[in-house]
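I am opening this notebook page to record what I looked up in the structure, one place at a time.

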Amino acid sequence: MKLSVVTVTTILCLGLAGCGGDADPASEAASGISSVASSAAQSATGSAGSQVPAEASEAAAAAESECGQKTTPRPELLRQLPAGFPTVTGWQPTEVTEQGQTRAVSGVLRGEVADLVTVRDNAADEIVTEGYNQTGSDEEVGYEAEAEFEGPQEVSVKVRPLCRDHLVLTYTVRQ
């Protein structure tokens, strides 16, 4: 009598499944099925047909991570902005980057990914109040929100998730 390869493989697998551990084979099978379903669901969320861009998923993951020292304020950096330059309430400078005549002062404030546009709009209102003209704005849902201004200097603001319960707001000024 001949046994097919599939039949032999099935018999061996069933025999091995019955050996070892105290786990219930039915619960192991269910666990395996739910694990596969979970993996398939995770793969589907990053697919091209998804409504959530991969960047937004990465930003959301960053927002869920621990903050560490990324939120440590450095108040002395506030002097790196033009004198009297308006900032959003609660914003604390943490880092300065310079390249040529452009200076970017980044800082943190409390907020969630859902607050990106609101924070950008609040920053824009403060800047416009000081006599700047808003020339544009942009947003990528869940990832970042930006605005550009003309005035005594060219200015832009960019808000993005930093870590859990914190956003980073960067004021970029070109002299």
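I began with Gln153, which counts as buried at 15% relative accessibility, where buried means under 20% relative accessible area, exposed over 50% and partly exposed in between, with a 1.4 Å probe and protein chains only. I noted that this is a predicted model, in which local features need pLDDT of at least 70 and side-chain atom pairs count only at pLDDT 80 or more, while totals for chains, interfaces and linings use all residues. Residues are numbered from 1 along each chain as its sequence is written, and side-chain values use heavy atoms, with hydrogens and water left out.

I placed Gln153 in the loop between β4 (144-150) and β5, taking strands (E, at least two residues) and helices (H or I, at least four) as DSSP runs numbered from the N terminus. Leaving aside neighbours within four places in sequence, I found Gln153 in contact (heavy atoms within 4.5 Å) with Pro82, Tyr132, Val173, Arg174 and Gln175.

Next I searched the whole structure for disulfides (pairs of cysteine sulfur atoms within 2.5 Å) and found 1. This disulfide joins Cys67 to Cys163, with S to S at 2.1 Å, and the link is right-handed, with 100° about the S-S bond. Cys67 lies in the loop between α3 (54-64) and β1, and Cys163 in strand β5 (residues 154-163), so the pair ties together parts that are 96 residues apart in sequence. I recorded Cys67 as buried at 13% relative accessibility, and Cys163 as buried with a relative accessible area of 1%.

Last, I looked up Thr94, which sits in strand β1 (residues 92-99) and is buried, with a relative accessible area of 14%.
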